[in-house]
Amino acid sequence: MTTTLPAYDEVVARYEPVIGLETHVELGTNTKMFCGCPTDFGGEPNTRVCPVCLGLPGSLPVANKAAIEATIRIGLALNCSIADWCRFARKNYFYPDMPKDFQISQYDEPLCFEGYLDVEVNGELVCIGIERVHLEEDTGKTLHVGGATGRIHGATESLVDYNRAGIPLVEIVTKPVPGTGALAPEVARAYVTELRDVIRSLGVSDVRMEEGSLRCDVNTSLNLPGEDWGTRTETKNVNSLRSVERAVRSEIIRQASVLDAGGRITQETRHFHEDTGDTTPGRSKETATDYRYFPEPDLVPLAPDAAWVAELKAALPELPRLHRRRLQEQWGLSDADMQSVLNAGAVELIEATVAAGATPAAARKWWLGELSRRANETGVELADVGATPAQVAELQGLVDAGKLNDKLARAVLEGVVAGEGSPTQIMTNRGLEVVSDTGALTAAVDEAIAANPDIADKIRSGKVAAAGALVGAVMKTTRGQADAKTVRELILERLGAQS
Amino acid sequence: MTQTDLTRMTATQIAGLVATGETSAVEVTRAHLDRIAAVDDRVRAFLHVDSEGALAAAAEVDARRAAGEELGPLAGVPVAVKDVLTTKGVPTTVGSKILEGWRPPYDSTIVQRLRAAGTVMLGKTNMDEFAMGSSTEYSAYGPTHNPWDLSRIPGGSGGGSSAALAAYEAPLAIGSDTGGSIRQPGAVTGTVGAKPTYGGTSRYGLVAFSSSLDTPGPCARTVLDAALLHEVIGGHDPRDSTSIPQPVPDVVAAARLGATGDLTGVKLGIVSEFVGEGAEPGVMAAFRESVDALTKLGAEVVEVSCPHFRYALPAYYLIAPSEASSNLARFDGVRFGLRVGDDGNRSLEEVMSLTREAGFGAEVKRRIMIGTYALSSGYYDAYYGQAQKVRTLITRDFTAAFEQVDALISPTTPFVAFPIGARTADPYQMYLADLFTIPTNLYGGPGISVPCGLSDGLPVGFQIMAPTMADDRMYRVAAALESVVGTFTPPAL
Amino acid sequence: MAAISREEVAHLARLSRLAVTEEELDTFAGQLDVILQAVAQVGEVAAADIPPTSHSVPLTNVLRDDVVVPGLTPQEALSGAPDAEAQRFRVPRILDEDVAS
Ligand SMILES: [Mg+2]
Ligand SMILES: [Zn+2]
């Protein structure tokens, strides 16, 4: 459409956004939710299937204990109440990637409910209410053949692989979040980031948005101050933290333009497009099928007893937000410094480097300096830049031992990133060690003095500043492997001048 | 001994002869395969006869015996399996066109246990499509005929299994009972049919009709044979979440105890709601005589009221179709079975709808639509939700009744075998056949039908209902009744 | 009055993915009406305070350990497929958008 969209700041000055997030997380269990098939990624199509996850006639589901425990732990980490009795339910709709043409999920009896998650948005704590955390099964993968770019539209046929069908999927639904104003997009992003960190800290999923083990749907609505909440849209296919922020922002602007034009928002599913950054309509809820939920008769109720829940609660790790606070104090960082560490995604890396023996200051210097620069250049995550915390700690150890100066250390790091081995190996192989033996140095100095008699005379006559030229010469012959300060002292000493 | 002798024997007798070597499993199997070849074109009890598989299994039993191996109590005995159970590599159709030619890649738990026990599977028996019916007239492969009168129905949905027993095509058979599909066919064919406690036999590999009601169970010509088969197939199965992790009640000992004809100290309750209206006079007469016989054996018989049983039929025809509408969704022409209309232009949605339209029979479509209706938002509370509350009240009726008596008794079905075609015009008339059997399914307890007499030359069944996991009680009473009234032999085919 | 209209039956057929014929609609409408009138009797029972029964077995927490067990080979998995291609189940073009899990 050709109508020019209003500016974001101008929109949020007039409208109040309400957001809500629905997140699906694939659990990292060994086996699927209701059968013993493996969950490992990749693998030829339909090689991780059995009568149960293929929905063959006669097959029956049996729930995976590890998945139930993982879900309860997520619920506890999100301050939820754990149901003392609940049932699975069938969500009925026909779709070829769903082997039984119904999904085993939970309806009005979620395993976890009524919780919250505190997230930080520029220093401010925002409390996001958690409505429910429930367990369900994932679908298979459908490959659309013919037509353009594997899209469903224009495809002439589709091919289904059920390897992913039945993988345990945890659904986490927030309560509507009003009152965030212009910050709504940042709050949405901060929530998903925090949720990801919490789940990762529990070790129940690798929560990688790129690989789809964490998927996010964003609900957005606008209302005028003092009025009731507006009609919400549900934006799907939001596959990165950045997209979460962009999706909310673009949907706020779009809805404002519709409302400004006197139109009304239709409750619908919209799809986010990474490339353009905007959303397009999908299925509208009015025409959505009636899922005809009813209690799953093939599975008996879950009734986690207090002792079991208490046991799981006792084993919970420290929440990432509190963990970060503790580190910030230990490292003696200002909020701003800590923020830059967070933005660089370097918390765990610095933590591990310190654990490997480096000082917090040194660890931070390497990860936020040289390595962040390289990560940006090569466009990879800092964690995947090619250097491990252990290697960085080892490198710093060599510097502290005086075996490497700053310039050489960076050269060695190059080698580490290039995969040439450990810092020590690279230092020896490339012969980058600081020349510390004064015998060799003295020879180099005498050589330089002999080569530059006039400069030497100046120094002898007290023009100490002229020593710089000789230092340069010496560094040149020693290929920078000498310590400049030592060289200077040596020159003055040989020429009987006082520094 | 002649082949006829072998086919007339009980499973207990056959197993005994095989164990002593007086006959071989292969001889026994051949005798039954020959009998099938001779009469099944008229009875039509079987959808598939697995001669090679059966003879191979029999030969293996004989080899194990020759090797001096300890054989189970039913080793070498042929068994017919209702086509509702998956059999690896052997066609499994559930009496439906939509699964025509499907050979499952896996065995149901029950079939696995039958093999492990050394029984010999003869083949798969006919049934109403997806076990939805009471006459096998709703089988996509044509009706089975009642050996007592080939113009009449053998009951359903498991009419094939019961007819195979009555026609001496097999000494043992497996059925499945969702609303009476083991007991009612047993009643109208003069054979024994037992529905175990729900969860007492595994549903893994039983193609689901109504998951919370389906119960596989044994069919035989004598109560002891049924008990022996029950013992072989029963017990906990970790692949079925609703399977009860307890040992099978000692049904065999109970059947032997009952056979002594002593019921002193046993208190039986006649369900008053079932003797008032509904049942044919001939059925009631045979039932009354049997009650007198049980009294003579020392049983105390009283009348017990179960006020909510009259709502069992409507509740059942909401719960079962609701679950079925969901269970049968997977028959979509994607992973297995029939696909219709895939001409390269039609969309998946069209092909799915054409496939299900062509693959399902009228009764199945009716029940899918009734269930879809009952689960729809707006109707859920008034239909499915209310039916589940009625289910609770019916369970309470049973619990209260079993505080007064050890077991409940009634006719198995209101009427004897009716002529083929008599009730197909009005679906609801067909539903009435299960009037007396349905409450047990909603409650989850065990029930058995044992022949108790004839009405106009047609068999009448006597039903005994027991508390959950007290299956042994019904076997004791059934065996006692059998010891008085004996077994019933149909006219020669 | 009728419990269900011909239009409602047509809607149920669509929901159930049944391409029923016009003739079938006529017969089914009448038959479903009879059945629904009969099963509606459950409404006569006063059960406001009665808990519903979804399972007749008194079991809870039936769980399996998270241990891999061998499944089917791709050949077995695809053995019953009406159509397969590249070791996948082939289906005609799909109209509906995927529905969220
Ligand atoms: Mg979901
Ligand atoms: Zn599987």
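Arg132(A) is part of strand 7 of chain A, residues 124-137, where strands (E, at least two residues) and helices (H or I, at least four residues) are DSSP runs numbered from the N terminus. The model is predicted, so local features need pLDDT of at least 70 and side-chain atom pairs count only at pLDDT 80 or more, whereas totals for chains, interfaces and linings use all residues. Residues are numbered from 1 along each chain as its sequence is written, chains are lettered from A and ligands numbered from 1 in the order in which they are written, and side-chain values use heavy atoms, with hydrogens and water left out.

Arg132(A) is buried yet has no salt bridge. Buried means under 20% relative accessible area, exposed means over 50%, and partly exposed lies in between (1.4 Å probe, protein chains only). A salt bridge requires a side-chain nitrogen of Lys or Arg within 4 Å of a carboxyl oxygen of Asp or Glu. The nearest side chain of opposite charge to Arg132(A) is that of Glu171(A), 5.3 Å away; here Lys and Arg count as positive and Asp and Glu as negative, while His and the chain ends are not counted. A polar atom of the Arg132(A) side chain lies 3.2 Å from the backbone oxygen of Gln106(A). Not counting residues up to four places away in sequence, the residues that Arg132(A) touches include Tyr107(A), Phe113(A) and Ile172(A), contact meaning heavy atoms within 4.5 Å.

**View 1. Salt bridges within chain A.** Over all chains, the structure holds 59 salt bridges. One of them joins the side chains of Arg215(A) and Glu26(A), at 3.0 Å from N to O. This pair links distant parts of the chain, with Arg215(A) in strand 11 (residues 214-223) and Glu26(A) in strand 1 (residues 16-26), 189 residues apart. Arg215(A) counts as partly exposed, at 23% relative accessibility, whereas Glu26(A) is buried at 6%. The side chains of Glu234(A) and Lys236(A) also meet in a salt bridge, at 3.1 Å from N to O, and both residues are buried.

View 2. Asp149(B) and Arg152(B) form a salt bridge whose closest N and O atoms are 3.0 Å apart. Asp149(B) is partly exposed, with a relative accessible area of 25%, and Arg152(B) is partly exposed at 22%. Elsewhere, salt bridges that share partners join Arg90(A), Glu296(A), Asp298(A), Arg203(B) and Asp240(B) into one network.

**View 3. Helix 8 of chain B.** Helix 8 spans residues 223-233 and is mostly covered, with nine of its 11 residues buried. Among the buried residues are Val223(B), Asp225(B), Leu228(B), His230(B) and Ile233(B). The helix is followed by Gly235(B), whose phi is positive, near 105°.

**View 4. The interface of chain B and chain C.** In this interface, 65 residues of chain B are in contact with 53 residues of chain C. The two chains bury about 5,000 Å² between them, 65% of it on carbon and sulfur atoms; buried area is the accessible area (1.4 Å probe) that two parts lose on being put together, summed over both. The rule finds three salt bridges across this interface. Lys365(B) and Glu24(C) meet through their side chains in a salt bridge of 2.7 Å, N to O. On the side of chain B that touches chain C, the largest share, 11 residues, comes from helix 15 of chain B.

How values were computed: Polar contact = N/O pair within 3.5 Å; in protein donor to acceptor, adjacent residues only side chain to side chain.
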